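Colleague: I am new to this structure and would like to know what stands behind the labels used for it. Could we go through them one at a time?

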Amino acid sequence: MSKLIKNGESQNNPWQIVEADALADTALNNGQWLIPAEAWLSNPSVYQGDNIGIWIATDFNPDSLTKSMAKLPVIAIVFGAFADGRGFSLARILREDCDYTGELQAAGGYMQDQLFFLQRCGFNAYCVNDDADIESMKESLGDFSNSYQASTDESRPLFRRR
Amino acid sequence: MYVYDEHDQKLIQERVAQFRRQTERYLDGKLAPEQFLPLRLQNGLYVQRLAPMMRIAVPYGMLNSKQVRKLAHISRYYDKGYVHITTRQNIQINWPLLEEVPDILAELAEVEMHAVQTSGNCIRNTTSDHFAGIAQDEIVDPRPYCEIIRQWSTFHPEYAFLPRKFKIAVSGTVEDRAAIHFHDIGLQLVQKEDGNIGFTVLVGGGLGRTPVIGKVIREFLPEHDLLTYLEAILRVYNLNGRRDNKYKARIKILVNAMGPEAFADAVEAVWLKMQDNPTRLTDKEIKRCKSFFTEPDYAELDDIAEMAEINQLRGDNKAFASWLSYNVHSHRKAGYRAVTLALKPTGIAPGDITDSQLEAIANLADDYSFGEIRTTHMQNIVLGDVRANQLYKLWLKLVDNGFATANVGTLTDMICCPGGDYCSLANAKSIPVAEALQREFDDIDYLYDLGPLDLNISGCMNACGHHHVGHIGILGVDKKGEEFYQVQLGGNSKNAAALAKVLGPAFSRNEVVGAVKTVLDVYLEKRQAEETFLDVYNRVGLTPFKERVYVKAD
């Protein structure tokens, strides 16, 4: 997934995911890297800098999401499958409980028709394949003009705005 | 009834447009079938044995006559001219074309209807008591809270891809008619002595393969905390419910695995962070929702005077008298009654009605019941606000339309899933069993003598026919490719919630009616005074029934 939809535009994704078993062999000084959250949590002082973010699998223990993550430039939540809805909750916890304000990428096996919901839960960047239909995806991001519930994007439910 | 404002209307129209685009992408090959699957399910569309099946939402069972006329039109124009009332108060059509579903949704949106989240692993239609707002034993009208839950759960961004489906029921009465012990979340409205309203919260009930009675995790949840607390339950479930095995993915499995106390603690921990956020309900919103469920324009009547002529006719006409006893129900307003339109005449699949019957119902509702119609989880229709002195006139019209079978609450008023005739999940057919039972037990005096009896039939262990909570439950099973039927006894969907126990080895379709007959013979022999079937079962247990049914031939 080399492209990213961000701020309504398609752009190259400068961030590369590093798997746990490749971490030791990756030269983290050059490039922009997303390392496993577990590795970062075990030794945050080693992995510092504007070019280091983390990625989180959807089976990540939500109790391990911390406010210390708020300073990271990028966090990616990697969906194993689109049916795995845990990523939506993890995103909201990062935004609403951990005060995370940086870039939150949706990666992995999510699908286009979840974009509106992903956006509502706090994602603001979406990893896509090179051949993705960007215009169609942008349309899905705007499936609805309003929502009943509060979420990360709108703290007031509709009943407080009616 | 709730009436859409511009926000509700716009959201539902945007949903139609969204699904139209998704269907087009699917038909163009731009959307993979496995990705289209959850999208069509969350718009009510299954692919069944013979054709797609579409489930249309009837929020907490309330319809107006305009909506019922629209359903008649849809069933006639897009389908084969009949619909099916489900055990969760929704309405299904059996033969829509996938290509036309967006048009059907657009037609529904014209009358403030939809098929949102009637299937799929999301929060489903909230169900309630079909006598809500008119029941004499009502503590608080549940419908405003059902509507609040409907809006909160509609397109909820965090909970559209749960481990499994999720069903909520709300009861506002002393006697539970909403089966709250058998829902993922059951909410019992309570009012404290100081007047404060709240809910007793049950979680982890359900039927299906692993039937479980829900556990109380909160004795009193103040009404303003309803949505934040639901958010917290769903958050715990979404993150911790099993996703590796669909048969172990319902919240009941999680609650059992954690234990109800630990589950309640986990919910409380999440809720502490959420309880004061803007999702907390306001007095204004509760008042706004209550404003849609006020009393219709009732006349002030004297009940005895209203019933004088009716009682005279009752003495002259046995069929009318029986109908009054079984299909007409008390009402909180003097001079009014609720009337059940029985949808279980012999030879018709339980809960099925035709397009012209739907139109007749709409007309009857306009003429006799302030234009409102209710669907019941017993798969019948209720006209909720009939003036008592009109009952005879109404009865004559119900007779003409085939709705006057005076069997409500009796054995032949059975719950029955569509079964193997329609459903691709079923192990066995259920409709022919229902029909065989109706034909065997066609002596109405015998049925009345049996007294109140819930007989529930499911064509497979997914239990859409609620067989576990039937006083007599029948479950279709597959034995080496042949249909067999297991009989269960002693279930109860009300406050004294109980799961039925299996009588013994399953029967062939030819044998099952005889087995039920034997069970009833044992009941009648053992019965003392006014004991119901359930009373006798609870007193004598399973053994006397079992011994007689499985007695060895000499």
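Colleague: What makes A463(B) count as buried?

Modeller: A463(B) has 23 C-beta neighbours inside 10 Å. A residue is buried if 20 or more other C-beta atoms lie within 10 Å of its own, exposed if 12 or fewer, and partly exposed in between, with C-beta atoms placed from the backbone. With 23, A463(B) therefore counts as buried. This is a predicted model, in which local features need pLDDT of at least 70 and side-chain atom pairs count only at pLDDT 80 or more, while totals for chains, interfaces and linings use all residues. Residues are numbered from 1 along each chain as its sequence is written, and chains are lettered from A and ligands numbered from 1 in the order in which they are written.

Colleague: Where is A463(B) found?

Modeller: A463(B) lies in the loop between β16 (455-458) and β17 (472-479) of chain B. Helices (H or I, at least four residues) and strands (E, at least two) are DSSP runs, numbered from the N terminus. A463(B) is not a glycine, yet its phi is positive, about 70°. Most residues other than glycine have a negative phi.

Colleague: Why is E112(B) called partly exposed?

Modeller: E112(B) has 18 other C-beta atoms within 10 Å, which puts it in the partly exposed class. E112(B) sits in the loop between α4 (101-110) and α5 of chain B. Its phi is also positive, near 60°, in a residue other than glycine.

Colleague: How do you know that C98(A) is partly exposed?

Modeller: The count for C98(A) is 16 other C-beta atoms within 10 Å, so C98(A) is partly exposed. C98(A) belongs to the loop between α2 (86-97) and β7 (103-108) of chain A.

Colleague: Which residues is C98(A) in contact with, leaving aside its neighbours within four places in sequence?

Modeller: They are L65(A), T66(A), K67(A), M69(A), A70(A) and I93(A). Two residues are in contact if their C-beta atoms, placed from the backbone, lie within 7 Å. T66(A) is 32 residues from C98(A) in sequence, and the two are 5.7 Å apart, C-alpha to C-alpha.

Colleague: What makes α5(B) roughly perpendicular to α9(B)?

Modeller: Helix α5 (residues 143-153) and helix α9 (residues 283-290) of chain B pack at an angle of about 115°, with their axes 8 Å apart. Because of that angle, α5(B) is roughly perpendicular to α9(B). Angles under 35 degrees count as roughly parallel, over 145 as roughly antiparallel, 65 to 115 as roughly perpendicular and the rest as oblique. Axes are lines fitted to C-alpha atoms, for helices over the stretch in contact, and angles run from 0 to 180 degrees between N-to-C directions. P144(B), E147(B) and I148(B) of α5(B) make the contact with I286(B), C289(B) and K290(B) of α9(B).

Colleague: Why is α1(B) called roughly antiparallel to α4(B)?

Modeller: α1(B) and α4(B) pack at about 175°, with axes 9 Å apart. This angle makes α1(B) roughly antiparallel to α4(B). Among the residues that meet are I12(B), V16(B) and F19(B) in α1(B), and V101(B), L105(B) and A109(B) in α4(B).

Colleague: How do you know that chain A is as compact as a globular protein of its length?

Modeller: The radius of gyration of chain A is 16 Å, close to the 15 Å that the globule rule gives for 162 residues, so chain A is as compact as a globular protein of that length. The radius is taken over C-alpha atoms, and the rule is 2.2 Å times the number of residues to the power 0.38. Chain A has four helices and eight strands, and 43% of its 162 residues are buried.

Colleague: What does the rule give for chain B?

Modeller: With 554 residues, a compact globule would have a radius of gyration near 24 Å, and the 23 Å of chain B agrees. Chain B has 18 helices and 20 strands, and 55% of its 554 residues count as buried.

Colleague: Which elements give two or more residues to the side of chain B that touches chain A?

Modeller: The contact takes 29 residues from chain B and 31 residues from chain A. On the side of chain B, the elements are α1 (6-27), α2 (33-41), α5 and α6. The largest share of that side, six residues, comes from α1(B).
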